Amino acid sequence: MNFIKKNYLVFVAFVAFVCYQVINFYYFSTTSVIFGDERRFIAEAIKLSETGEFWKSTFRAWEMPMTAIIYSLFYGIFETKESLIIFVRVFQSSLLILQAYILYCISLKLFKDQIAAYLTYTIVLFYPFFIFYQGLLLSENIFITLLIVSFYYIYTWYEDNFKINSHFILANFFLIMTIYSKGTLSILPPLLLTSFYFINRYNWRNTLKVFFLSTLLYLSFMSPWWIRNYILFDQFIPFTTSSGMNLYLGNNKYNLSGGADWSKDVNIREVSRMFSIEDELLQNNAFKEKALNFISNNPDRFVELAWLKLKRFYNIIPNADVYKQGYYKWVSLISYGSIIILFILSLIIHLKYFKKLSAIYILFIYYTLIHVIVIASLRYRLPLEAFMILLGTPVLSKFITMVKTK
């Protein structure tokens, strides 16, 4: 049985890897990119490789540095943009296979259901959105991989009866490393682990211990970024200097749909003026001040926009006009539409696992709140879809078993 299991996993991974390369080098170009953000990450990687310093144009802390650091290592091999694109795509293909395998392992830990684990593994490998994004030079794949690895260690810590051991440290470490890739989880790591422990044990004394140790690890692992920023700016910069810009994009009087499009969801003249501010801290503060003034003066509209962003975030079809019809619409309806139905059913069926699954639920709540407050898009939802598949496949497994027994 183990021989069959191992060979199935290897064979399916091989088929998936070949499919990814067909997409990467026949559907995508090896000399150009699709998203404007890809050009930014490429430029950061080249700059870092050539100078040893992290820059985004003339800014020093515009975003978190991990993606540029990893990409710069690939650029350093042949020092051409084309080689960087090729190496990163192959690397990210491997990351997607790793994500599928770790989710397979987490599924076995949570549900003890071999069929569900196989389904999780296979669906993740061939999920259209994952295949699409593994070929793009963006931070999503690195972020998702780190996030999934962190949950593997969270549930290993759970199996260890919440002992303060290496698995506890690794759970903290990988959760915090996600912040170095994308700042989205910000202060979540100690809050998640503390809440997860409390929900399962209801022990205040030990909960405070978990919180204290998680916070200590958080401070330790984040301190290199904080120290680096303090040296550069002579003040405390916890995450990035683009947070105000994103908050403004999602919260201004010209945003009518809850969208995240700089060409139509803002006042172009006002934005141009703020973008012309050369000092990145002053620019960030200008955007943040505008956004906070709007929120404080228009609380009802803020709530309306949050609702619109929530609907956009979990929309079954793409929000962008170019992708919301034809082929792209139907791919999304069939793939994500099926997954979210299974996920919703799982919330009911897995009620008996609530305590065990609460770490994942906390992630969903926090991650969703961040995006409905700031900006929301299907791209930002991608990490949650991996966990939707993880939770939804046992429902599909139960259905398959029920059909077989009839």
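How many positive and negative side chains does the protein have, and how far apart do the centres of the two sets lie? There are 37 positive and 24 negative ones, with the two centres 12 Å apart. Here Lys and Arg count as positive and Asp and Glu as negative, leaving out His and the chain ends, and each charge is placed at NZ of Lys, CZ of Arg, CG of Asp or CD of Glu.

A word on the ground rules: this is a predicted model, where local features need pLDDT of at least 70 and side-chain atom pairs pLDDT 80 or more, while totals for chains, interfaces and linings use all residues. Numbering runs from 1 along each chain as its sequence is written, and side-chain values use heavy atoms, without hydrogens or water.

As for the overall build, the protein has 17 helices and 0 strands (DSSP runs, H or I of at least four residues for helices and E of at least two for strands, numbered from the N terminus). Its C-alpha trace spans about 65 × 55 × 45 Å along the principal axes. Of its 406 residues, 52% count as buried, meaning under 20% relative accessible area with a 1.4 Å probe, protein chains only.

Then there is the inside. Leaving aside residues up to four places away in sequence, Ile360 touches Leu110, Phe151, Tyr155, Phe387, Leu390 and Leu391, a contact being heavy atoms within 4.5 Å.

Key:
Buried < 20%, exposed > 50% of the residue type's maximum accessible area, 1.4 Å probe, protein only.
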